[in-house]
Amino acid sequence: MKLTLKIWRQAGANDAGAMHTYSLDGVSEDMSFLEMLDLLNEQLVTNGEEPVAFDSDCREGICGMCSLMINGQAHGPEVTTTCQLHMRSFKDGDTVTIEPWRAASFPVIKDLVVDRSAFDRIIQNGGYISANTGSAPEANSVPVPREKAQRSFNVATCIGCGACVAACPNGSASLFLGAKITHLGELPQGQPERYTRVSSMVAQHDHEGFGGCTNIGECAAACPKEIPLDVISQLNKDLRKAISTGH
Ligand code: SF4
Ligand code: FES
């Protein structure tokens, strides 16, 4: 395949950026999207040009690093991560537009790389349980109803990629936050800190400049892990209880 790539290039956080156009030949439909970018970078380096900076780590859909807007959609046209998107989703002659996440709380560092450390700070403000150290407790000493264990597991699949924020017109991280609150709030181990957790994480969310949720639902549509929208209801329910009980 031969593609025309329109890519956001920005030298640094404080520099102005612009879209640049590249022509790339020899793209196989079996390549992943990131392998296609690797091919482009080989071409750029061979020509003595600066390669395009982009994030990736596991390339297996696990780490959440590969954050790209592709043709205006977070992670591109399939419900998957950018690293798991394959070039068979495009056809010969296509023009593909590639931009970084666009959100005030995820500032661009260089080209397609954004700073998502705001998510780390939200997690540091309650996305954990406190547990005594020592040997692991006996597995059946704290029974967990099957449906609660299943729901907790399903939402624990959130990889913190930030696609929900990039897709939201308000730049809200409510889906991410709802996933973390629900994951811990469904389990007995998450109960002691349940309401201080939600207050603290929401305060950090707002402090980082993420917007409020207005129930548009673009976040859930863009999520590569199919986190359901109702985790935001759980988030709001827990927050109301936290406020009414003085947490
Ligand atoms: S909720 Fe989905 S889109 Fe948002 S950070 Fe988690 S995995 Fe990514
Ligand atoms: S590189 Fe890890 S999820 Fe894509």
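Helices here are DSSP runs of type H or I with at least four residues, numbered from the N terminus. I keep that in mind for every helix name below. I also note that this is a predicted model.

**Entry: ligand 1**

Helix H4 (163-167) and helix H5 (174-185) each supply at least two residues of its shell. Which helix gives the most? H5 does, with three residues.

I then listed the residues around ligand 1. There are 15 of them. Cys158, Cys161, Ala163, Cys164 and Cys223 come nearest. I sorted the shell by class and found 12 nonpolar, two polar and one charged residues.

**Entry: the whole chain**

I stepped back to the chain. I counted eight helices and seven strands. The C-alpha atoms fill a box of roughly 60 × 35 × 35 Å along the principal axes. The chain has 247 residues, and buried ones make up 36% of them.

**Entry: helix H2**

I turned to H2, residues 117-124. Which of its residues are buried? I found Ala118, Phe119 and Ile122. They cover an arc of only 100° around the axis, so they sit on the same side of H2. I asked what these buried residues pack against, and the partners are H5 and H6.

Gly126 follows H2, and its phi is positive, near 140°.

**Entry: H6 against H8**

H6 came up again, this time with H8. H6 covers residues 194-207, and H8 covers residues 230-244. Their axes are 9 Å apart, and the packing angle is about 105°. Angles of 65 to 115 degrees count as roughly perpendicular. H6 and H8 are therefore roughly perpendicular to each other.

I wrote down the residues that meet. From H6 they are Arg194, Tyr195, Val198, Ser199 and Val202. From H8 they are Leu235, Asp238, Leu239, Lys241 and Ala242. By class, this contact has six nonpolar, one polar and three charged residues.

**Entry: two positive phi angles**

Asn71 is not a glycine, yet its phi is positive, about 50°. I placed Asn71 in the loop between strand E3 (69-70) and strand E4 (73-74). Asn71 has 14, so it is partly exposed.

His75 is not a glycine either, and its phi is positive at about 70°. His75 lies in the loop between E4 and strand E5 (95-99). I found 26 C-beta neighbours inside 10 Å, so His75 counts as buried.

**Entry: Gly93**

I stayed in the loop between E4 and E5, where Gly93 is also placed. Gly93 has 9 other C-beta atoms within 10 Å, so it is exposed.

How far apart are Gly93 and Ser23 in space? I read 9.9 Å from C-alpha to C-alpha. In sequence, Gly93 and Ser23 are 70 residues apart.

Technical notes
Residues are numbered from 1 along each chain as its sequence is written. Chains are lettered from A and ligands numbered from 1 in the order in which they are written. This is a predicted model: local features need pLDDT of at least 70, side-chain atom pairs count only at pLDDT 80 or more; totals for chains, interfaces and linings use all residues. Axes are lines fitted to C-alpha atoms, for helices over the stretch in contact, and angles run from 0 to 180 degrees between N-to-C directions. Angles under 35 degrees count as roughly parallel, over 145 as roughly antiparallel, 65 to 115 as roughly perpendicular and the rest as oblique. Two residues are in contact if their C-beta atoms, placed from the backbone, lie within 7 Å. Ala, Val, Leu, Ile, Met, Phe, Trp, Tyr, Cys and Pro count as nonpolar, Asp, Glu, Lys and Arg as charged, and the others, Gly among them, as polar. A residue is near a molecule or strand if its C-beta atom, placed from the backbone, lies within 6 Å of it. A residue is buried if 20 or more other C-beta atoms lie within 10 Å of its own, exposed if 12 or fewer, and partly exposed in between; C-beta atoms are placed from the backbone. The arc is that of the directions from the helix axis to the C-beta atoms.
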